[in-house]
Amino acid sequence: VTGSNVNLGRGKDGGTTRSHVTFDYGSKPISSNLSYVDYDYLKTLGIPLKEGRDFDKSFGTDTADNVLLSESAAAQYGEKDLIGRNLMVDSNARPWHVVGIFADFHLYSMHEKVEPLTLLMNNKEGLRYCLIRVAPQQLLSAMELVKKEMAVLQPGVEFRGTFVDENISNWYKQEQAMSLLFSIASLIAILLSCTGLLAMVLLVTRQRTKEIGVRKVLGASARNIAMLLSKSFLSLVLISILIATPLSWLLMHKWLEGFAYRISLEWWMFVLVAMSALAVAMLTISVNTIRVARRNPVKSLRTE
């Protein structure tokens, strides 16, 4: 069990706290996020300690002066061994005393890069969030137990406990909503496109019924006729792909720029989409063209 003034993810209160400090260490500019924590913070979150020690109740100064630095925060100082050093942050305040260095981790969403982080103990201010590590086999029963205990510790206060994976998922609700909306819109667009394409095929094949009959009488195979009818429609699909590909690349590139960690748009992704579009178009077209190509030419020419 530990505590912090920064929640992991976005809980039921919807809040995200951020504290930041900047100062000069010699000639080096230092910039770091700050988070006030309780004992066993690293242990509870499973964050490995790289050097030094964690906060410990047996050290009384841990409640005021000692700090833990993330690896990226420690790298800014340019010192080989920071453990035990005093860092003057403010000339009007007591210096920080570095007791440990821990591995970098995402305290905030992955829209941002991992930033330097400094953990401090502060017994003057309350901690807003209680973080509890429990066995994964008993999540619901553990939540009920915490709820009962909090009702004793803070009677009359609404219990707003959540699971960390839910909080982290809340960071990306906008992306999840966009994914659902785009999926629905894409499905509707495909259905409308296929319906329109099928209607065009039916219209054109009806207009060329006599031509198809003549070609069959003159020896054209059903395959040749089907290819003849499909060619004009597939050329329209290819033109649409050529128009859509650069536009979709531009839109996706702009959207991905909002994430510090993102995939790269590869050429084969667009080739795969183009092949899928052609396959769907071919399936839509072939349903009618093959049927028309196999029709008895006598029926097509009987009125001639």
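This is a short chat about a predicted model.

User: Where is aspartate 65 placed?
Analyst: Aspartate 65 is in the loop between β4 (49-52) and β5 (66-70).

User: Buried or exposed?
Analyst: Aspartate 65 is buried. Its relative accessible area is 13%, and buried means under 20%.

User: Which side chain does aspartate 65 join in a polar contact?
Analyst: That of arginine 94. The polar contact is 2.8 Å.

User: What else is aspartate 65 in contact with?
Analyst: Leave aside its neighbours within four places in sequence. Then aspartate 65 is in contact with Arg94, Pro95, Trp96 and His97.

User: New topic. How many residues has the largest nonpolar core?
Analyst: The largest nonpolar core has 18 residues. Those with the most contacts inside it are Tyr41, Phe55, Phe102, Leu107 and Leu119. At least two residues of this core come from each of α1 (41-45), β7 (96-102) and β8 (117-120).

User: And what about another core?
Analyst: Another core, of 16 residues, lies apart from the largest one. Val67, Tyr77, Trp96 and Leu120 are among its residues.

User: What does phenylalanine 55 touch?
Analyst: Residues up to four places away in sequence are not counted. Among those phenylalanine 55 touches are Val37, Tyr39, Val67, Leu68 and Leu119.

User: How many cavities of 30 Å³ or more are there?
Analyst: A search of the whole structure finds one. The largest cavity has a volume of about 90 Å³.

User: Which residues line the largest cavity?
Analyst: There are 13. The closest to its centre are Asn33, Leu107, Tyr108, Lys113 and Glu115. The lining divides into six nonpolar, three polar and four charged residues.

Technical notes
Residues numbered from 1 in each chain as written. Predicted model: local features only at pLDDT ≥ 70, side-chain atom pairs only at ≥ 80, totals over all residues. Heavy atoms only, no water. Helix = DSSP H or I, 4+ residues; strand = E, 2+ residues; numbered from the N terminus. Buried < 20%, exposed > 50% of the residue type's maximum accessible area, 1.4 Å probe, protein only. Polar contact = N/O pair within 3.5 Å; in protein donor to acceptor, adjacent residues only side chain to side chain. Contact = heavy atoms within 4.5 Å. Core = buried A, V, L, I, M, F, W, Y, C linked by side-chain atoms within 4.5 Å. 1 Å grid on protein atoms, 1.4 Å probe; cavity = no way out; pocket = protein on both sides within 12 Å on 5 of 7 lines; lining within 4 Å. Points joined across faces, edges and corners; volume = space filled by probe spheres on them. Nonpolar A, V, L, I, M, F, W, Y, C, P; charged D, E, K, R; others polar.
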